[in-house]
Amino acid sequence: MPTPAIERLADAVSALDRRSRFELVDEIRLDFPTHHPQGMAFAKGLTFLSSVEIHKAPRPAADPALRTPGRGTGHVFVLGAGGELIRDIHLGEDTVYHPGGIDFDGHHVWVSVAEYRAGSRSIVYTIDPDAFEVRERFRVDDHIGWILRDPGLDLVFGGSWGSRQLYTWDTEGRLVDEWENPGHFVDYQDAQLLGPGLLLCSGISLLPQADGTTLELGGLALVEPLRQRITWEAPISVFSGAGHVITRNPVAVTADESGLLIHAAPDDGDDDGGTRILSYRII
């Protein structure tokens, strides 16, 4: 059964709408090379931040499945309360180097690492947040951009490139369900479990503008994969100092007696000011 804290978190998220105001209440600068952060999860008083370091960028293609794989290194950074780097865990192999969105299931941090192109392949890992031991769980013949385990259902949920396909597996990697995402509002980049069968997904769309520029539109969604439906969505138009919408990549939410907190790390290490973990209270 969901705990009162989890129920409060789900209720707080669903009360957010386009009129909600975001108050920046904390900002932690990460003083080490962070590269291109992807996902974030809190576990055992630590922050786990996945990131991809690009050594050779993939060659673009109109069909993202036809990109070259490029070369890189997959990282999961383990951070202390002040943002200090405690551990740099490398994940992946060969051309599988791109970590995605991550989550903590109460026992392990789940991480998918994929080739940096659609329709490719991925390795699903877990990390022990106490010993930092890494275990390969299973492999998938697709680019899996985020992953999490639902301990109440003992199922694993994930999404493909842009979350156009949504997946359910058992913990051994046997496919339970696959369905096409009915939403085209944003491409989910990170996800967090809010209760049995209830996911908070966050992401971004890049919208061309009349003047030739591109707008980063952010968004959040509540998704029920067992019912194959999206139950709530809200646009996010809050931007970092570097100009990125805050749901661009790593997002995690918490709630306390005063309401909902959204934590995000939208900026890359080479952006103006570097990567910061930004915490907003919804008012």
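Reply: A salt bridge is a side-chain nitrogen of Lys or Arg within 4 Å of a carboxyl oxygen of Asp or Glu. With that in hand, Glu93, Glu136 and Arg139 can be described as linked in a network of salt bridges. The model is predicted, and a search of the whole structure gives 16 salt bridges. Side chains of opposite charge can pair when their charged atoms come close.

Three pairs can be taken in turn. In the pair of Arg149 and Asp154, the closest N and O atoms are 3.0 Å apart. Arg149 is buried, because its relative accessible area is 15% and buried means under 20%. Asp154 has a relative accessible area of 37% and is partly exposed.

Glu224 and Arg227 also form a salt bridge, with 3.7 Å between the closest N and O atoms. Glu224 counts as buried at 17% relative accessibility. Arg227 is exposed, because its relative accessible area is 57% and exposed means over 50%.

Asp256 counts as partly exposed, at 24% relative accessibility.

Now the spaces. The largest pocket has a volume of about 640 Å³. It is lined by 24 residues, and those closest to its centre are Trp161, Asp187, Gln189, Ile204 and Asn249. Strands S2 (36-43), S6 (98-99), S15 (187-195) and S16 (198-208) are the elements that give two or more residues to this lining. By class, the lining of the largest pocket has 6 nonpolar, 13 polar and 5 charged residues.

The structure also holds 1 cavity of 30 Å³ or more. The space in the largest cavity comes to about 30 Å³. Its lining is made up of Trp146, Phe157, Gly158, Leu166, Tyr167, Trp179, Leu199, Val223 and Pro225. Two or more of these residues come from each of strand S12 (155-159) and strand S13 (165-169). In the lining of the largest cavity, 8 residues are nonpolar, 1 is polar and none is charged.

How values were computed: Residues numbered from 1 in each chain as written. Predicted model: local features only at pLDDT ≥ 70, side-chain atom pairs only at ≥ 80, totals over all residues. Heavy atoms only, no water. 1 Å grid on protein atoms, 1.4 Å probe; cavity = no way out; pocket = protein on both sides within 12 Å on 5 of 7 lines; lining within 4 Å. Points joined across faces, edges and corners; volume = space filled by probe spheres on them. Helix = DSSP H or I, 4+ residues; strand = E, 2+ residues; numbered from the N terminus. Nonpolar A, V, L, I, M, F, W, Y, C, P; charged D, E, K, R; others polar. Buried < 20%, exposed > 50% of the residue type's maximum accessible area, 1.4 Å probe, protein only.
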